[in-house]
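Subject: Handing over the structure

Hello,

Here is the structure you will be taking over. Please open it first, then read the notes below.

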Amino acid sequence: MAQFDLPLDRLRTYRSASVEPEDFDVFWTKTLDEARTHELDARFEPVATGLATVEVCDVTFAGFGGHPVKGWFVLPAGATEPLPVVVEFLGYGGGRGLPHTHLLWASAGFAHFVMDTRGQGSGWATGDTPDPVGSAPSFPGFMTRGVEDPYSFYYRRLFTDAVRAVEAARSHPLVDASRTAVTGGSQGGGITLAVAGLVRDLVAVAPDVPFLCDFPRATTITDHMPYREIGNYLKTHRGRVKQVGETLAYFDGVHFAARATAPALFSTALEDLTCPPSTVFAAFNAYAAEEKTIEVYDFNDHEGGGTFQQAVQLGWLPGKLRRGV
């Protein structure tokens with residue numbers, strides 16, 4: 001696929017047409033306050049993995065509605081002093097998988113907390129967290145579950161889980177809570193941006209080819225899933241375009257980015273049909289922190305920079321996490 005979106009010089013100045021809800025902050029404050037009425041109850045159970053260089057815990061904590069959410073907590077073997085922590089969120093359809101697939105950040109000397117994704121985990125990696133909340137009729141997938149109202153929308157639960165995951169990671173005695181970074185790719189990148197806007201004391205944010213950004217453009221410029229789920233829903237539910245758009249605005253990475261304060265490292269790919277580059281630049285250009293950069297991969301699709309981007313992160317993130325040490 002050739003490059004199909006705006007030329008790079010226009011991407012660098014592009015701004016989303018997404019309209020921020022007047023009660024955006026009230027909505028999220030109320031949502032998180034409700035979640036915090038439930039005890040976090042973060043439990044870390046050591047598991048045997050056969051790995052010699054890391055130690056792993058099976059994690060359970062209370063997310064949205066007090067629902068149990070799973071995760072992995074990975075530490076460099078023999079750690080005795082509190083470490084900076086990288087909290088990671090996962091791509092669409094995947095779950096936490098197996099511990100040995102999460103070695104990068106512990107190998108770099110940091111604590112690593114991987115949040116499972118409620119209701120997902122049957123696509124490309126297994127998951128262990130159900131979503132006990134149902135919804136009105138929706139198109140298969142997660143993009144339209146409860147989309148008739150922001151209070152019932154699936155991503156309200158998932159973004160709340162993510163904030164609680166940061167709180168759970170910080171509760172471990174071998175984590176230095178003052179040095180917390182968040183990262184993820186695709187859906188994980190969109191969740192990363194939501195957390196960046198909702199948790200104000202992070203030291204670094206690293207969203208790769210982020211999903212869930214600039215819904216007005218994303219839902220009309222690409223026919224690839226998962227954005228196409230929204231179009232297919234509206235194809236059947238005629239007359240709900242305005243209603244659905246108003247719901248999605250509460251979950252748009254553009255509006256979370258406008259509230260973010262931590263240094264950020266983004267990535268995008270100019271042939272990405274899943275998360276078109278203009279939608280990523282919409283969030284990047286709205287990102288409020290002065291210290292931000294974006295890696296652009298000219299001839300890549302949704303794989304983005306892949307391991308090359310991980311190498312960029314390994315050159316950038318440790319400096320943020322170790323700052324002040």
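At what angle do α4 and helix α5 (residues 187–198) pack, and how far apart are their axes? The angle is about 65°, and the axes are 9 Å apart. Axes here are lines fitted to C-alpha atoms, for helices over the stretch in contact, and angles run from 0 to 180 degrees between N-to-C directions. α4 and α5 are therefore roughly perpendicular to each other (65 to 115 degrees; under 35 is roughly parallel, over 145 roughly antiparallel, the rest oblique).

Before going on, some ground rules. This is a predicted model: local features need pLDDT of at least 70, side-chain atom pairs count only at pLDDT 80 or more, and totals for chains, interfaces and linings use all residues. Residues are numbered from 1 along each chain as its sequence is written, and side-chain values use heavy atoms, with hydrogens and water left out. Helices (H or I, at least four residues) and strands (E, at least two) are DSSP runs, numbered from the N terminus.

**The α4–α5 packing**

On the α4 side, the contact (heavy atoms within 4.5 Å) is made by Y155, L158, F159, A162, V163 and V166. α5 brings Q187, G190, I191, A194, V195 and L198. By class, that contact has 10 nonpolar, two polar and no charged residues. Ala, Val, Leu, Ile, Met, Phe, Trp, Tyr, Cys and Pro count as nonpolar, Asp, Glu, Lys and Arg as charged, and the others, Gly among them, as polar.

**Salt bridges**

The whole structure has 17 salt bridges (a side-chain nitrogen of Lys or Arg within 4 Å of a carboxyl oxygen of Asp or Glu). One of them pairs R259 with E20, with the closest N and O atoms 2.8 Å apart. This pair links distant parts of the chain, 239 residues apart. R259 sits in the loop between α9 (253–257) and β8 (264–269). E20 sits in the loop between α1 (8–11) and α2 (24–35). R259 is buried at 13% relative accessibility, while E20 is partly exposed at 35%. Buried means under 20% relative accessible area, exposed over 50%, partly exposed in between (1.4 Å probe, protein chains only).

R164 bridges to E167 at 3.1 Å between the closest N and O atoms. Both lie in helix α4 (residues 154–170), three residues apart, which means a separation of about one helical turn. R164 is buried, at 4%. R179 and D176 also meet, at 2.6 Å from N to O. R179 is buried too, at 13%. Finally, D58, K70, R96 and D128 are linked in a network of salt bridges.

**Helix α7**

Seven of the 10 residues of α7 (residues 227–236) are buried, so the helix is largely enclosed by the rest of the structure. They are Y227, E229, I230, G231, N232, Y233 and L234. These buried residues pack against α6 (215–221) and α8 (241–248).

**Backbone points**

M225 and P226 are joined by a cis peptide bond, with omega about 5°. P226 is in the loop between α6 and α7.

Which value does phi of D41 take? Phi is near 50°, positive in a residue other than glycine. D41 lies in the loop between α2 and β1 (43–47) and is partly exposed at 45%. S186, also not a glycine, has a positive phi of about 60°. S186 lies in the loop between β6 (175–185) and α5 and is buried at 14%.

Best wishes
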